[in-house]
Amino acid sequence: MQKSTGFTLIELMIVVAIVAILATVAYPAFTGYLLKSKRIEAIQSLYGMQLKQEDWRISHPTYATTSQASGTFLPTHADYTFTVSGASASNYELIATAKSGSSQLNDKEGSTSCSPLTLSRDNSKKPAACWQ
């Protein structure tokens, strides 16, 4: 009698079931990491804008507005729109808002939505849970 080699249909079905279970567990975690990595990119851009604002203020009487910053240092991002709010001689607020239709609109830290992200001149960050 010859011994057959290979896999039986039952063995293949068990392997497929195990892979499917692993995929259903791993996929939500993977998408969560993608959202968080894009949020971290936006946070890094806000920090970069903060440095550029201080550079701007050295040679100008006020901090840069959105229109002034767009010509010099306002970043572009596939998932976020960056703006400057309340620019004056002593204060500003930098804002990163998830673009309409972007997956970043679903970015949450716990129950806190992470759009918009704001960074003020006094280094206050909102929402605080999203900056950790």
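**Notes on the predicted model**

Residues are numbered from 1 along each chain as its sequence is written, and side-chain values use heavy atoms, with hydrogens and water left out.

1. Back to T118. With a relative accessible area of 9%, T118 is buried (buried is under 20% relative accessible area, exposed over 50%, partly exposed in between, with a 1.4 Å probe and protein chains only). Setting aside neighbours within four places in sequence, T118 has contacts (heavy atoms within 4.5 Å) with E93, L94, I95, S124, K125, K126 and W131.

2. W131 turns up again in the largest nonpolar core, among the residues with the most contacts inside it, alongside L46, M49, Y80, F82, A96 and L117. That core has 22 residues, a core here being a set of buried Ala, Val, Leu, Ile, Met, Phe, Trp, Tyr and Cys residues joined through side-chain atoms within 4.5 Å. Elements giving two or more residues to the core are α1, β1, β2 and β5, and α1 gives the most, with five residues.

3. Not counting residues up to four places away in sequence, F82 touches A42, S45, L46, M49, L74, P75, H77, I95 and A96.

4. Now the charges. Side chains of opposite charge can pair when their charged atoms come close. The count comes to four salt bridges, the rule being a side-chain nitrogen of Lys or Arg within 4 Å of a carboxyl oxygen of Asp or Glu.

5. Which residue does D79 pair with? The partner is K38, and the closest N and O atoms are 3.7 Å apart. This pair links distant parts of the chain, 41 residues apart: D79 is in the loop between α2 (66-70) and β1 (80-85), K38 in helix α1. D79 counts as buried because its relative accessibility is 12%, whereas K38, at 25%, is partly exposed.

6. D107 and R39 meet through their side chains in a salt bridge at 2.7 Å, N to O. Again the pair links distant parts of the chain, with D107 in the loop between β2 (93-98) and β3 (108-109) and R39 in helix α1, 68 residues apart. Buried or exposed? D107 counts as buried, at 2% relative accessibility, and R39 counts as buried at 3%.

7. R121 and E54 form a salt bridge too, at 3.9 Å from N to O. R121 lies in the loop between β5 (117-120) and β6 (125-126), and E54 lies in helix α1, so this pair links distant parts of the chain, 67 residues apart. R121 is partly exposed, with a relative accessible area of 38%, and E54 is partly exposed at 31%. As for shared partners, salt bridges join R39, D107 and E109 into one network.

8. Last, the surface. L9, I10, M13, I14, I18 and L22 form a nonpolar patch with about 640 Å² of accessible area together. Patch residues have over 30% relative accessible area and no salt bridge, with nonpolar side chains (Val, Leu, Ile, Met, Phe, Trp, Tyr) joined within 5 Å and like charges within 9 Å; areas come from the Shrake-Rupley method with a 1.4 Å probe, and for residues only the protein chains shown count as cover.

Key: This is a predicted model: local features need pLDDT of at least 70, side-chain atom pairs count only at pLDDT 80 or more; totals for chains, interfaces and linings use all residues. Helices (H or I, at least four residues) and strands (E, at least two) are DSSP runs, numbered from the N terminus.
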